[in-house]
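Here are my notes on the model you sent over. Have the structure open while you read, since I jump between helix pairs and single residues.

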Amino acid sequence: METIKSYKDLMIWQRSIELVVSIYEILKKFPRIEDFNLTSQIRRAAVSIPANIAEGFGRRTKKDYAQFLNISRGSLYELETHLILASRFGYITGNELHKFADEISQIGKMTNAFITKLEDGSR
């Protein structure tokens with residue numbers, strides 16, 4: 001097994017970064033009226049996911065790290081909710097929503113497994 005030297009080595013962080021990039025791309029199609037509303041909320045929730053993974057990695061204890069992973073997981077579900085609204089408003093297609101929901105689900109499962117691993121005492 002590979003030793004994790006940095007949060008950048010974590011697949012969960014890497015996939016979260018890719019999710020943010022995809023989110024920023026899709027937001028280019030949103031109407032300007034949403035710039036300071038839904039678009040802003042989506043950006044903040046998306047960026048919070050990898051940011052909390054990274055911040056938790058820098059904490060002193062596994063318990064602290066698990067707490068930041070929980071915050072990251074909360075941001076995942078916040079993002080999914082915003083995307084559901086965007087779909088309902090017609091800003092993204094059902095297919096786009098489905099792709100994002102699948103990736104959010106996968107990152108959520110990875111997050112849950114990582115939290116369990118930390119709580120069981122290994123990193």
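1. Ground rules. This is a predicted model, where local features need pLDDT of at least 70, side-chain atom pairs count only at pLDDT 80 or more, and totals for chains, interfaces and linings use all residues. Residues are numbered from 1 along each chain as its sequence is written, and side-chain values use heavy atoms, with hydrogens and water left out.

2. Helix 2 against helix 3. Helix 2 covers residues 38–57 and helix 3 covers residues 62–88; their axes sit 8 Å apart at an angle of about 160 degrees. That makes the two roughly antiparallel. Axes here are lines fitted to C-alpha atoms, for helices over the stretch in contact, with angles running from 0 to 180 degrees between N-to-C directions. Angles under 35 degrees count as roughly parallel, over 145 as roughly antiparallel, 65 to 115 as roughly perpendicular, and the rest as oblique. Helices are DSSP runs (H or I, at least four residues), numbered from the N terminus.

3. What sits in that contact. On the helix 2 side you'll find, among others, Ile42, Ile49, Asn52 and Gly56, and on the helix 3 side Tyr65, Phe68, Ser72 and Leu83 are among the partners. By class, the contact has 15 nonpolar, seven polar and two charged residues. For the classes, Ala, Val, Leu, Ile, Met, Phe, Trp, Tyr, Cys and Pro count as nonpolar, Asp, Glu, Lys and Arg as charged, and the others, Gly among them, as polar. The crossing of helix 2 and helix 3 is left-handed (the near helix is turned anticlockwise from the far one by less than a right angle; clockwise would be right-handed).

4. Helix 3 against helix 4. These axes come within 10 Å and cross at roughly 165 degrees, and the two helices are therefore roughly antiparallel. Their crossing is left-handed. Counted by class, the contact between helix 3 and helix 4 has 16 nonpolar, six polar and three charged residues.

5. Helix 1 against helix 4. This pair packs at about 155 degrees with axes 10 Å apart, which makes helix 1 roughly antiparallel to helix 4. Helix 1 passes helix 4 in a left-handed crossing. The contact of helix 1 with helix 4 has 10 nonpolar, four polar and three charged residues.

6. The core. Which residues touch the most other members of the largest nonpolar core? Leu19, Ile23, Leu79 and Leu83 do, out of 33 residues. Helix 1 (11–27), helix 2, helix 3 and helix 4 (94–119) each supply at least two residues, and helix 2 gives the most, with eight. A nonpolar core here means a set of buried Ala, Val, Leu, Ile, Met, Phe, Trp, Tyr and Cys residues joined through side-chain atoms within 4.5 Å. Leucine 83 is worth a click: beyond its neighbours within four places in sequence, leucine 83 is in contact with Ile23, Ile42, Ile92, Leu97, Phe100 and Ile104 (contact means heavy atoms within 4.5 Å).

7. Serine 16, in helix 1, is buried at a relative accessible area of 1%. Buried means under 20% relative accessible area, exposed over 50%, and partly exposed in between (1.4 Å probe, protein chains only). Not counting residues up to four places away in sequence, serine 16 touches Ile49, Pro50, Ile53 and Ile107.

8. Is lysine 109 buried or exposed? Lysine 109 counts as exposed at 51% relative accessibility. Lysine 109 and arginine 73 are 36 residues apart in sequence and 9.4 Å apart in space, C-alpha to C-alpha. Glutamate 103, also in helix 4, is partly exposed at 22%. Glutamate 103 touches Arg15 and Leu19, not counting residues up to four places away in sequence.
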